[in-house]
Amino acid sequence: MRSMGNAPQLNPGQVAIFPGPSMACADFFDITITGYGSHGAMPEMSRDPVVIAMTLGQALQTIVSRNVDPLKSAVLSITQIHSGSAYNVIPGEATLAGTVRTFSEKVREQIRDRMRTIAAGMATAFQVEIKVEIRDIFSVLINHEEQAHFVADVARDVVGNNNVLTTPTPKMGSEDFADMLLKVPGAYFWLGHEGSVPLHNPGFILDDGILPVGASLFSRIIEQRMPLVA
């Protein structure tokens, strides 16, 4: 089984493929802070979830920088904060959401535990309720050695030896293909293209010029794995 992703950080036509851990596992989390709303001019009558959300967001960022072994890769990104709908009202609830990435199940559990512990401490300190929900989304993507070497050989035939990168450079991004590789041997590889705007940026535009290259790679894989019998 093979899968491919586009990579704006690579030069057009370059292929990156290597065996072993290649992409991080992923958790998604939702945190709900239930405080007590009031008039914006009377904050002393509230238990302000907006201030608590900002404080909690800062505290969560210390997990990677102060709890995780600096030699272990980990990312905790808060990507959503939602609260309130008026200029003069302190709302009663705030939510934060985001993602955690790592290559280690031990680190993954450590981050989950610290998130819950910090949230519980904040709830006690501010006299509010904080609910933390963490979901296991993707496993670590691990390329099988034989399959990775095969893809590299095919890529050399298509794009040339100098355009095939096999030095292990794991990515903190994640892929559902990782869970398929837990069941079936295979490999995931990247194809470079024109442009420097990163993935998931609203300004990202796919370079159509890589489509023939990608199609050629998969065609060559099929030809070599399933040759026609005369």
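Author: A crossing is left-handed if the near helix is turned anticlockwise from the far one by less than a right angle, and right-handed if clockwise. Helices (H or I, at least four residues) and strands (E, at least two) are DSSP runs, numbered from the N terminus. Here, α1 passes α3 in a right-handed crossing. This is a predicted model, in which local features need pLDDT of at least 70 and side-chain atom pairs count only at pLDDT 80 or more, while totals for chains, interfaces and linings use all residues. Residues are numbered from 1 along each chain as its sequence is written, and side-chain values use heavy atoms, with hydrogens and water left out.

Reader: At roughly what angle do the axes of α1 and α3 cross?

Author: Axes are lines fitted to C-alpha atoms, for helices over the stretch in contact, and angles run from 0 to 180 degrees between N-to-C directions. The axes of α1 and α3 cross at roughly 145° and come within 10 Å.

Reader: Which residues of α1 and α3 meet?

Author: Contact means heavy atoms within 4.5 Å. Ile52, Thr55, Leu56, Ala59 and Leu60 of α1 meet Met115, Ile118, Ala119, Met122 and Phe126 of α3.

Reader: In what order do the four strands form the open sheet?

Author: Strands of a sheet pair through backbone hydrogen bonds, either parallel or antiparallel. Two strands count as paired if DSSP finds at least two bridges between them. The order is β6-β8-β4-β9, with antiparallel pairing. Because β6 (74-83) and β9 (129-138) each have a single partner strand, one side of each is left without a neighbour in the sheet.
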